[in-house]
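Let's take a friendly walk through a protein model. Have the sequence and the 3D view open as you read.

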Amino acid sequence: MKNQKNYKAFSLFEIVISIVVLGIIAATFPLILESVFKTAKTVTKEETVLNEMSLLTMILPYYFDENNTLGDNFYKDLNASNGESELLINFNSIYTGPARRGKAEFNNNIFRSGSSLGVSDIGTDSGENNISAYDDIDDFNNFSEMINGVNLTVRIYYIEDNASYNDQNLSFSYNYNNIANKTNIKLIKITSDNNVTIYYPTCNIGASKFLSLEEISR
């Protein structure tokens, strides 16, 4: 006759403990899953912001306006007909028309003075359909690019310029949703299709350029 093995059954106490443990796991699993999803969502947003900042750094070196590309005009601050009136040179100026105040008023540097040329409308540059021909900031208006599976879209528009420039400490109050026309401030807005948006105001202060020794000695 074969020996029968003795099998030890679960006690009632062990069964109750097992049910309690399983209940705790079942109750906490949705919270753990939610935490994982939140972490993944946060990481995605952080990556999107970094990608948007990367795109922004590509845009910022461009001229403020296409009229800065004319001759030596990259030195000059363009006239903004709807900008802050404190920055406009009045009709008694040596200029033939309204012009924005520039460095000429401070150290007599005519190459950094205000220009009688005005800022242009957004979207009037012929090179906007070809990125290799982009020469100013608003050429990037409606530009879009897919980065790491997320689509980024750029909008450029003027916003109100309302600072009190006679004050020792300047204070700006921006309304990013209030689109203006031909002011001293262009807004760069970069939006992703996962609802992450950055705003960057850039001002009419001429344009950046490395100067030659001949230009520096002027």
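Strands β7 and β8 (residues 197-203) run antiparallel to each other and pair over 7 bridges. This is a predicted model, so the pairing comes from predicted coordinates. Together, β7 and β8 make a hairpin, with 4 residues between them. Within that turn, Asn 195 has a positive phi of about 65°.

Which residues touch the most other members of the largest nonpolar core? They are Leu 55, Ile 59, Val 154, Ile 188 and Ile 190, out of 15 residues in this core. Two or more residues each come from α1 (12-59), β6 (150-159) and β7. The largest share, 4 residues, is given by β6.

Now zoom in on Leu 55. Leaving aside residues up to four places away in sequence, Leu 55 touches Phe 143, Glu 145, Leu 152, Val 154 and Ile 190. Another core, of 5 residues, lies apart from the largest one. Among its members are Phe 64, Leu 78, Ala 80 and Tyr 158.

How far can you trust each part? The mean pLDDT of the protein chain is 78, and 70% of its residues reach 70 or more.

Where pLDDT is low, the predicted coordinates should not be read in detail.

Conventions: Residues are numbered from 1 along each chain as its sequence is written. This is a predicted model: local features need pLDDT of at least 70, side-chain atom pairs count only at pLDDT 80 or more; totals for chains, interfaces and linings use all residues. Side-chain values use heavy atoms; hydrogens and water are left out. pLDDT is the predictor's confidence in each residue, from 0 to 100. A nonpolar core is a set of buried Ala, Val, Leu, Ile, Met, Phe, Trp, Tyr and Cys residues joined through side-chain atoms within 4.5 Å. Buried means under 20% relative accessible area, exposed over 50%, partly exposed in between (1.4 Å probe, protein chains only). Contact means heavy atoms within 4.5 Å. Two strands pair if DSSP finds at least two bridges between them.
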